[in-house]
Amino acid sequence: MASGTKTYLELVKECDTLPYPDEDEFTRLTSEYYRFRLKKAWKQGDDDVNSAYTTLGYILPSVAASMPWTDKFRIDHDTKTISIPWPSTAAPGDALSDYETQAIEEVLQLARSRDSIPILRKWRHEHYRLRGLADRREVRIARAGSAVFGVETVGVHILGYCYDKDHGGMKLWIPRRSPQKQTFPSMLDNTVGGGLMADEDALGCLAREAREEASLPEAWVREHARPVSTISYFSIRDLRAGGPLEVGLLQPATQILYDLEMPPDMIPLPSDGEVAEFLLWTPEQTMKALREGQFKLNSANAWIDFLIRHGYINMQNEPDYMELVARIHRRLKF
């Protein structure tokens, strides 16, 4: 491999940076963080029993020390756990279905008003649903707070392509991010993508993002986008993800991937200022740019998945094929 290029497996590991739970380094690294926990079932009782809780995220010690925790949280510095127990003041029969969401929102708004957590300056008035609760109850967290609590986020992404009308070969629509983007400016990306908000379904999110980012008709996208895969990774944020004040934040994430075959005469156009330009590249050009590190980290994973599914990366030309396939579909465990 030429000097200055990376293998596909190196690219995946550059995004999926947290060691696996069966590796010694996982225990050493995660033991430095506080575990954010919610009850497995939202009901009264068992509030002092560790087995009644499930870990949903990891919080940096510096964040735990700076957060203006309210009395709705239980902070245990010995076990490094931060939990929301059933409120002791609740009357029998109280459902308190929004109690956990309100507790998280209150502490984030308080931290935001005091400017004690820098990442909260990026507040967008958007919310995610927390994943990983056994009873599937709905608990929400502000988008800007997801990395603060180190919880899993879900994104929905389009990998757009067409076939050359003269030669029949596949071409991929690759956007270049705006140089004004706060994260990964000017790097290459998925054709369309965005976070799945609490009030959206995947297809609705996809259609909205396609219109906002690429000027594609929502109804047409809903009809033609094909759900094909998911990828998952567990990132430790570095300077590229948000600057020095966000280094070390943990961000587990899943991307729901859709393939979208577009007619040769359908041209995506930048619309909301997030994209500088759209490039129409062959798979070979895309693979070269991937190996040169031109792609945003998680977008590299998505395009690698696309190239595997369409046969451009395979057992015959990729020595790390089996590990590569397994690694981009990581099971997120805490």
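A residue counts as buried when its relative accessible area is under 20%, as exposed when it is over 50%, and as partly exposed in between. The structure described here is a predicted model.

**Helix α6**

Helix α6 covers residues 202-214. Its buried residues are Ala202, Gly204, Cys205, Leu206, Ala207, Arg208, Glu209, Ala210, Glu213 and Ala214. Because 10 of the 13 residues of α6 are buried, the helix is largely enclosed by the rest of the structure. The elements that these buried residues pack against are β7 (153-163), β9 (192-195), α7 (218-224), β11 (250-261) and β12 (275-281).

The length of α6 can be checked against expectation. At 1.5 Å a residue, its 13 residues should span 18 Å, and the end C-alpha atoms are 17 Å apart, which agrees. After the helix comes serine 215, which has a positive phi, near 60 degrees.

**Salt bridges**

Side chains of opposite charge can pair when their charged atoms come close. The model contains 32 salt bridges.

| Residue | Partner | N to O distance |
|---|---|---|
| Glutamate 14 | Lysine 6 | 2.9 Å |
| Arginine 143 | Glutamate 126 | 2.8 Å |
| Glutamate 209 | Arginine 208 | 3.2 Å |

Are glutamate 209 and arginine 208 buried or exposed? Both residues are buried. They also belong to a network of salt bridges that links Glu200, Arg208, Glu209, Arg211, Glu212 and Glu218.

**The second largest pocket**

The second largest pocket holds about 630 Å³ of space. Its lining is made up of 26 residues, and those nearest the centre are Leu130, Arg131, Gly132, Leu133 and Glu152. Strands β2 (53-59), β5, β7 and β11 are the elements that give two or more residues to this lining. Sorted by class, the lining has 11 nonpolar, five polar and 10 charged residues.

Two of these strands connect the pocket with the helix described above: β7 and β11 contribute to the lining, and the buried residues of α6 pack against both.

Terms used
Residues are numbered from 1 along each chain as its sequence is written. This is a predicted model: local features need pLDDT of at least 70, side-chain atom pairs count only at pLDDT 80 or more; totals for chains, interfaces and linings use all residues. Side-chain values use heavy atoms; hydrogens and water are left out. A salt bridge is a side-chain nitrogen of Lys or Arg within 4 Å of a carboxyl oxygen of Asp or Glu. Buried means under 20% relative accessible area, exposed over 50%, partly exposed in between (1.4 Å probe, protein chains only). Helices (H or I, at least four residues) and strands (E, at least two) are DSSP runs, numbered from the N terminus. The expected span of a helix is 1.5 Å times one less than its number of residues. Contact means heavy atoms within 4.5 Å. On a 1 Å grid over the protein atoms alone, a cavity is a set of points where a 1.4 Å probe fits but cannot get out, and a pocket is an open set with protein on both sides within 12 Å along at least five of seven lines; lining residues have an atom within 4 Å of a point. Grid points are joined across faces, edges and corners, and a volume is the space filled by probe spheres set on the points. Ala, Val, Leu, Ile, Met, Phe, Trp, Tyr, Cys and Pro count as nonpolar, Asp, Glu, Lys and Arg as charged, and the others, Gly among them, as polar.
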